Amino acid sequence: MTTQTVLAEAASVSGGEAVTFWILAPLALIGAIGMVWARNAVHSALWLVLTMLCLGVFYVLQAGPFIGMVQIIVYTGAIMMLFLFVLMLVGRDASDSLIETLRGQRTAAVLLGLGFAGLVGSGLYRALHGVRAVGLEQANAEGNVQGIARLLFTKYVFAFELTSALLITAAVGAMVLAHVERRKEDRMDQVATMKARFRPGNYPGPKPGPGVFATSSSVATPARLPDGRLTERSTPDILPVRELTAEETSLKGTDKK
Amino acid sequence: MNALYLAQDPTLADFGKDPWWLVLGKIVFAFVFGLLATLLGVWFERRVVGYMQVRPGPNQVGPFGLLQTLADGLKMAFKEDILPRTADKVVFFFAPTISVICAVTSLSVVPFGPMVSIFGHHTPLQVTDVSVAVLVILACSSMGIYGIVLGGWASGSTYPLLGGLRSSAQMISYEVAMGLSIVAVFMTAGTMSTSGIVAAQAHGTRLSLGGWEVAAPGWYAILLLPSFIIFFIATVGETNRAPFDLPEAESELVAGFMTEYSSLKFALFMLSEYVSMVTMSAVTTTLFLGGWRAPAPITTFWAGANSGWWPMLWFFGKVLILVFVFVWLRGTLPRLRYDQFMRFGWKVLLPINLVWILVLSGLRSIEDWQSRDRLLATAIGAGVLLLATLFWPSRRREPRPTLQEQVNSRPHGSFPLPPMDLQVPPSPRTKRVVAEREPANVAAGSDSREV
C-alpha cells in the first residue's frame with residue numbers, strides 16, 4: 001500500500017504496474033470498441049463489462065483500492081446487471097439494423113468520434129504531462145478507506161446526503177408510477193376466495209357439460225340439473241338456440257319401403 | 001508467550017514479500033483446496049442427506065460411499081455435450097467458466113492460518129491481503145451472478161431465461177443484506193482486510209462488571225449476533241442453495257439456468273456451486289467465527305494452539321461445520337415460494353439490519369462516555385424499547401368463531417354441508433366377506449369385535 005502510494009507520487013511506474021497496465025489497457029480498448037461494434041445488445045453490454053472491470057483494476061493501480069472495488073461491485077455487478085436484465089427481456093434476436101437512415105451518417109460518426117477522441121486525448125496529455133501527484137501520501141495517511149470515509153462524513157456530508165435523497169426520490173417515484181395500488185379490502189386471501197366460492201348463488205362445482213343423452217349428442221342440448229330443470233350454463237353462449245320445425249323432425253321419405 | 005501470539009498475526013505489511021514460487025504454491029493450494037472441497041463436498045452432502053432423510057445413497061454402498069464422486073465425475077464426463085441450436089455459442093461456452101473463476105478467486109483473500117515458516121520464509125498462510133479484501137469477496141460474488149445470468153440467457157429457451165432472471169434478482173437482493181451485515185463487522189473491527197478482521201477477533205474487550213474484569217468474547221458471531229444470522233442467511237441465498245434454490249427450482253423451472261447444460265459444462269456449474277458454498281463458509285468463518293483461531297476453551301489449556309500450522313486444523317473444522325449446516329438446511333427445509341423469498345429479503349432482513357446498525361453505531365458513539373452515563377443512556381434506550389414492546393397496540397382480532405357457529409351463521413341457500421359428526425358406515429361388502437369367513441377357533445377376547 002505505502003509502496004504503491006510512494007510510487008504513484010513519484011510519477012515513476014513500477015514493473016508490475018506497467019505490465020498490468022499494458023495487459024489491461026488494450027483489453028479495455030477492445031472492450032470499448034467491441035461495445036460499439038457488437039450488433040447484439042447483450043454482447044454490447046458484455047464488452048462494456050470488460051471495460052469496466054479493467055477500469056476497476058486501473059483504479060486499484062492508482063492507489064485507490066476502495067474506488068476500484070466499488071467500481072466493480074456497484075457498476076459492473078449491480079448496474080450493468082440491471083441493464084442486462086432489461087436487454088434480456090427485449091429478446092435475444094433484437095439486433096441493430098444495418099440500414100443507414102441518414103446518408104453518410106456512419107462516416108461522419110467515425111470522423112467526429114476520432115476527432116473528439118483526439119481532442120480529449122491531446123488535451124489530457126498536454127494538461128497532465130509532467131504533473132506530479134501531490135498530497136497522495138497525506139490523503140492515504142490513515143489508509144485509503146479511512147481517508148474516503150473522513151471526507152464523506154465531514155466535508156462532503158451534505159452533498160452526499162443530497163445525492164442519496166435524490167436517489168431515494170427517484171426510486172420511490174419509479175415505484176409509485178409503476179406500482180398498482182390495491183386496497184387492502186380488495187385483496188382476497190385464500191380463505192376469502194374459498195368463502196366466496198361457496199356463497200349462495202355461486203355454484204361451487206365444475207359446470208355441467210352440455211347434454212349427451214340417448215336422444216341427442218349435440219353440444220347445443222342443455223344439461224339437466226338434479227331436479228330436472230335444464231341449465232343454460234351448460235351450453236356455449238355462441239350457439240344459437242334453435243328449435244326444429246315439425247317439417248324438419250318428420251321423416252324425409254327417403255327410406256326404402 | 002503473549003508476545004509470541006502477537007507475532008503470529010500477519011499485518012498488511014507482511015504481504016507482497018514472497019518469492020514467486022511461494023506465491024505460486026499458495027495460489028495452487030487455494031485452488032486445489034476449492035477443488036478437493038468440491039469432490040469431498042458432493043460425497044459429504046449426499047451421505048449426510050442420505051442419513052438425514054433415511055434414504056439410500058452413499059450411506060449404503062461402497063467403502064463409506066467414497067466412490068460416489070468418482071461415479072458422478074465419470075458420468076458427467078462421458079455424457080453427450082449438447083449445444084442447443086438457438087444458443088449463443090460463445091456466451092454459452094463462457095458462462096460456466098465465469099461462475100467457477102469468480103467462486104475460486106474469493107479464496108485468494110481468505111486467511112487459512114497465521115505466519116508460518118515455509119523453507120525459511122516467514123510468510124502468512126494466505127494468498128494475499130489488501131486493505132479492501134472483504135470488498136474483493138463481494139466483488140467476486142457479484143461477478144459470479146454473470147455466469148448464471150448469461151448461462152440462462154445464452155441457452156436460448158424460456159426456462160433457463162426465467163431461471164437466470166430469477167437468480168439475478170435474488171442475488172442482487174441478498175447481496176444488499178449481506179453487504180449491510182458486513183458493515184457491522186467493519187465498524188467493530190475498523191478494517192476491511194481479512195487478516196485484520198481475524199486479528200481483531202483475537203481478544204474481546206475487557207468489561208468491568210461490578211469490580212470484576214470480564215473478557216467479553218471476541219468472536220463477532222457472538223458480539224454481532226444479528227449480523228451473523230443475517231449474513232449466513234444471505235450467503236445461503238447468494239449461493240443458490242436450498243431452501244433458496246429458486247433459480248433451479250425443478251418443480252417450476254425444470255432446472256432453471258442449467259436446463260440446457262450437460263456434460264462438463266454442467267459439471268462446471270456444479271463445481272462453482274460447491275466451491276462457492278465452501279468459499280462462503282470460509283468467509284463466514286473469517287468474518288464472524290474468529291478465522292483460524294482456536295475456539296475458546298482450547299487456548300485456555302494449550303497456549304500454542306494459535307501458532308504454527310495448527311490453526312489450519314481449527315479453520316478447516318469451522319468450515320466443515322458450516323458446510324454441514326448448509327447440507328442440514330438442504331436436507332430439512334422445503335423451498336420457499338419466490339414472492340415469500342423476496343419479501344423475506346427486502347422486508348425482514350434489510351430493515352432489521354438497518355436498525356441493528358443504527359443501534360450498534362449508537363453504542364459505539366457512547367463508548368468513551370463515563371461508565372455511569374453510558375449505563376444510563378443504554379438503560380433509557382432499552383427501557384423505551386421495552387415500553388414500546390409492552391404497550392404496542394396489539395393487532396389481535398376477535399376470537400375466531402367455532403366451526404359450528406360458522407356453520408350456523410351461513411345464509412339460507414348455501415351449498416349443503418355434510419353433518420359435522422358424520423360417521424362413515426361400514427361398507428356392505430366388508431360385512432359380507434366377514435360373514436362368509438370361517439369362524440376362528442379362538443375364544444373371543446373382551447376387545448374383539450367385527451370389522
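Residues are numbered from 1 along each chain as its sequence is written, and chains are lettered from A, with ligands numbered from 1, in the order in which they are written. Because the model is predicted, local features need pLDDT of at least 70 and side-chain atom pairs count only at pLDDT 80 or more, while totals for chains, interfaces and linings use all residues. The model scores ipTM 0.72 and pTM 0.74.

**Confidence**

- The pLDDT, which is the predictor's confidence in each residue from 0 to 100, averages 79 in chain A, where 86% of the residues score at least 70.
- Residues 5–11 of chain A have a pLDDT below 50, and this stretch has 16 contacts in the model beyond near neighbours in sequence; two residues are in contact if their C-beta atoms, placed from the backbone, lie within 7 Å.
- For chain B the mean pLDDT is 80, and 89% of its residues reach 70 or more.
- Over residues 1–7 of chain B the pLDDT stays under 50, and the model has 3 contacts beyond four places in sequence for them.

**Chain A: overall composition**

- Chain A has 10 helices and 2 strands; helices (H or I, at least four residues) and strands (E, at least two) are DSSP runs, numbered from the N terminus.
- Along the sequence, the elements of chain A follow the pattern α-α-α-α-α-α-α-α-α-β-β-α.
- Of the 257 residues in chain A, 14% are buried; a residue is buried if 20 or more other C-beta atoms lie within 10 Å of its own, exposed if 12 or fewer, and partly exposed in between, with C-beta atoms placed from the backbone.
- Among contacts in chain A with a separation of 6 or more, 46% involve residues 24 or more positions apart.

**Chain A: domains and annotated segments**

- The domain assignment divides chain A into domain 1 (13–90), domain 2 (145–179) and domain 3 (207–236); such bounds come from an automatic or database domain assignment.
- The centres of domain 1 and domain 2 of chain A, taken over C-alpha atoms, are separated by 24 Å.
- According to an unreviewed UniProt entry, the annotation "transmembrane region" covers residues 20–38, 45–61, 67–87, 108–128 and 156–178 of chain A; UniProt positions are given in the numbering used here, feature names are shortened, and annotations may be inferred rather than shown by experiment.
- Residues 67–87 of chain A are 100% helix and 0% strand, with their end C-alpha atoms 27 Å apart.
- Residues 156–178 of chain A are 96% helix and 0% strand, with their end C-alpha atoms 33 Å apart.
- L111(A) is placed in helix α5 (residues 105–128) of chain A, and L111(A) counts as exposed because it has 11 C-beta neighbours inside 10 Å.
- L111(A) and Y203(A) are 92 residues apart along the chain, and their C-alpha atoms are separated by 73 Å.

**Chain B: overall composition**

- Chain B contains 17 helices and 4 strands.
- Of its 451 residues, 38% count as buried.
- Among contacts in chain B between residues at least 6 apart in sequence, 75% join residues at least 24 apart.
- M258(B) lies in the loop between α10 (250–253) and α11 (263–288) of chain B, and M258(B) counts as buried because it has 26 C-beta neighbours inside 10 Å.
- Leaving aside neighbours within four places in sequence, M258(B) is in contact with G151(B), E248(B), F266(B) and F269(B).
- M258(B) and F44(B) are 214 residues apart in sequence, and 23 Å separate them in space, C-alpha to C-alpha.

**Largest nonpolar core**

- The largest nonpolar core has 112 residues, of which V132(B), L135(B), V136(B) and A139(B) touch the most other members; a nonpolar core is a set of buried Ala, Val, Leu, Ile, Met, Phe, Trp, Tyr and Cys residues joined through C-beta atoms within 7 Å.
- The element α5(B) gives the most to this core, with 16 residues.
- Leaving aside neighbours within four places in sequence, V132(B) is in contact with P65(A), F66(A), M69(A), V145(A) and M192(B).
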